[in-house]
Amino acid sequence: MTYHCAAITGASSGIGRAIALKMAQENVSVALLARRIDKLEKLAEEIKALNPQVKVFPFQGDVQDKTSIERFLMESEKSLGELDIFFNNAGISFKEPFPS
């Protein structure tokens with residue numbers, strides 16, 4: 001099966017960033033979601049330098065905001081086409097002790 005487009009949350013650093021770069025190496029266009037647009041734009045530039053044939057869609061958003069996720073997915077498909085892969089890499093932190 002050939003994949004053409006992937007959406008990645010938490011894409012600005014760590015595992016999400018690594019997945020985005022690997023997808024681009026494999027000729028998969030990527031939609032990138034994170035809270036820091038500056039990091040996303042830098043990653044988008046790296047991806048385009050790595051593989052100018054893929055499309056990149058950076059989107060500033062937060063996985064804790066349902067509306068943000070909905071907009072990300074809708075705008076990603078408008079920009080890139082139908083999404084084949086969704087990597088839900090971003091996490092949500094809680095500032096409470098973990099129950100034991």
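This report describes the fold, helices, first strand, aromatic residues and selected loop positions of a predicted model.

## Overall arrangement

The chain of this predicted model contains three helices and four strands, and these elements follow one another along the sequence in the pattern β-α-β-α-β-α-β. Of the 100 residues in the chain, 38% are buried. Among contacts with a separation of 6 or more, residues 24 or more positions apart account for 61%.

## Strand β1

In β1, five of the five residues are buried, so that the strand is mostly covered. The cover extends to both faces of β1, with C5, A7 and T9 buried on one side and A6 and I8 buried on the other. The strand runs parallel to β2, to which five bridges join it, and T9 has L33 in β2 as its bridge partner.

## Helix α2

The buried residues of α2 are L40, L43, A44 and I47.

Computed along the sequence, K39 and Q60 are 21 residues apart, whereas in space their C-alpha atoms are 9.8 Å apart.

## Helix α3

Helix α3, which has 15 residues (66–80), reaches 21 Å from its first C-alpha to its last, and this is close to the 21 Å expected at 1.5 Å a residue. Its buried residues are S68, I69, F72, S76 and L80. Because they cover an arc of only 95 degrees around the axis, these residues are on the same side of α3. They pack against β1 (5–9), β2 (29–34), β3 (56–60) and β4 (85–87), whereas K66, M74 and K78, on the other side of the helix, are exposed.

Both ends of α3 have a local feature that can be described. At the N-terminal end, D65 caps the helix, with a side-chain oxygen 3.2 Å from the backbone nitrogen of T67. After the helix comes G81, whose phi is positive, near 105 degrees.

## Aromatic residues

The structure holds two aromatic pairs. One of them is formed by F59 and F72, whose rings are tilted, with 5.6 Å from centre to centre and 45 degrees between the planes. This pair links distant parts of the chain, since F59 belongs to strand β3 and F72 to helix α3, 13 residues apart. Both F59 and F72 are buried, and together with F57 they form one aromatic cluster.

## Two loop positions

S12 is found in the loop between β1 and α1. Although it is a loop residue, S12 counts as buried, because its relative accessibility is 15% and the cut-off for a buried residue is under 20%.

N27 lies in the loop between α1 and β2, and its phi is near 65 degrees, a positive value in a residue other than glycine. Most residues other than glycine have a negative phi. With a relative accessible area of 46%, N27 is partly exposed.

Note on methods:
Residues are numbered from 1 along each chain as its sequence is written. This is a predicted model: local features need pLDDT of at least 70, side-chain atom pairs count only at pLDDT 80 or more; totals for chains, interfaces and linings use all residues. Side-chain values use heavy atoms; hydrogens and water are left out. The expected span of a helix is 1.5 Å times one less than its number of residues. Buried means under 20% relative accessible area, exposed over 50%, partly exposed in between (1.4 Å probe, protein chains only). The arc is that of the directions from the helix axis to the C-beta atoms. Contact means heavy atoms within 4.5 Å. A polar contact is a pair of N or O atoms within 3.5 Å; within protein, one must be able to donate a hydrogen and the other to accept it, and residues adjacent in sequence count only if both atoms are side-chain atoms. Rings of Phe, Tyr and Trp (its six-membered ring) pair if their centres lie within 6.5 Å; planes under 30 degrees apart count as stacked, over 60 as edge-to-face and the rest as tilted. Two strands pair if DSSP finds at least two bridges between them.
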